[in-house]
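Trainee: I am new to this structure and would like a close look at a single part of it. Could you walk me through the aromatic rings and how they pair up?

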Amino acid sequence: MMIGVALLTAIALVIAITRAIKKSNRTLSILSILITIPSLLYCGWVFMRSVLIYTEPEPKYFSDRIENNRTSIVLEGKTIHLTGFKVGSDYKRRRVYISGIPYFNSEFKIEDAYFCQGDSTFELFYAASKDSVVVFIPKAEPMYHDARSENLLKVPVRAIQLTDSEMAELKSNRADSIKRFNWEKDRIYLDRRTP
């Protein structure tokens, strides 16, 4: 369509210039030239923009998360999987998915997993009781889940939210049964899933 507009405008401009040269109704010819110039400039701008877009390199798409570590807890006949990621535009924030199906399994669904998250200092502690996994998280960062989930009851997880002082005490005096989710083990995997 723009090519058609450009051609018709160019033809009109040629006719107007020819009439101006022949001095037939010179005022109308000059007015016609002035009216056609913006259309030609606009068509030229669109053409140049199209060329620039066509020659631009393909944008690089980065994952919105990088896997940091994963672990599993075996209860009586049930395995609970914890998968930790560094998330955000600069990969400074931390997030842990807790699910009955491993994150990288094709059957995994985000809505059927709990997740806890926080900034770059976020810590998650966990322990296995007889029938569930207990996670200890800061009060400022609750455990999240998708309201549409139909299978969360199959993931036996309980969250205990602690104040900052309680979290500090847990870090220094935790029992052997309470484990800290390991963020230092930087095995980097790019996650190619689109959650």
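**A close look at the aromatic rings**

Mentor: Happy to! Let's start with a charge and a ring: R65 places its charged end over the ring of F85, 5.9 Å from the ring's centre. Do keep in mind that this is a predicted model. F85 also belongs to a cluster in which ring pairs link it with Y97, Y103, F104, F108, F115 and Y144.

Counting aromatic pairs across the model gives 10. One of them joins Y97 and F115: the ring centres are 5.6 Å apart and the planes meet at 45 degrees, so this pair is tilted. Y97 sits in strand β3 (residues 93-99) and F115 in strand β4 (residues 114-118), so the pair ties together parts that are 18 residues apart in sequence. Both Y97 and F115 are buried.

Now follow F115 to its other partner here, Y144. These two rings form a stacked pair, with 5.2 Å from centre to centre and 20 degrees between the planes. F115 is in strand β4, while Y144 is in the loop between β6 (133-138) and β7, so this pair ties together parts that are 29 residues apart in sequence.

How exposed are these two partners? F115 has a relative accessible area of 18%, under the 20% cut-off, so F115 is buried. Y144 has 29% relative accessibility and therefore counts as partly exposed.

Conventions. Residues are numbered from 1 along each chain as its sequence is written. This is a predicted model: local features need pLDDT of at least 70, side-chain atom pairs count only at pLDDT 80 or more; totals for chains, interfaces and linings use all residues. Side-chain values use heavy atoms; hydrogens and water are left out. Rings of Phe, Tyr and Trp (its six-membered ring) pair if their centres lie within 6.5 Å; planes under 30 degrees apart count as stacked, over 60 as edge-to-face and the rest as tilted. Helices (H or I, at least four residues) and strands (E, at least two) are DSSP runs, numbered from the N terminus. Buried means under 20% relative accessible area, exposed over 50%, partly exposed in between (1.4 Å probe, protein chains only). A charge sits over a ring if NZ of Lys or CZ of Arg is within 6 Å of the ring centre and within 35 degrees of the ring normal.
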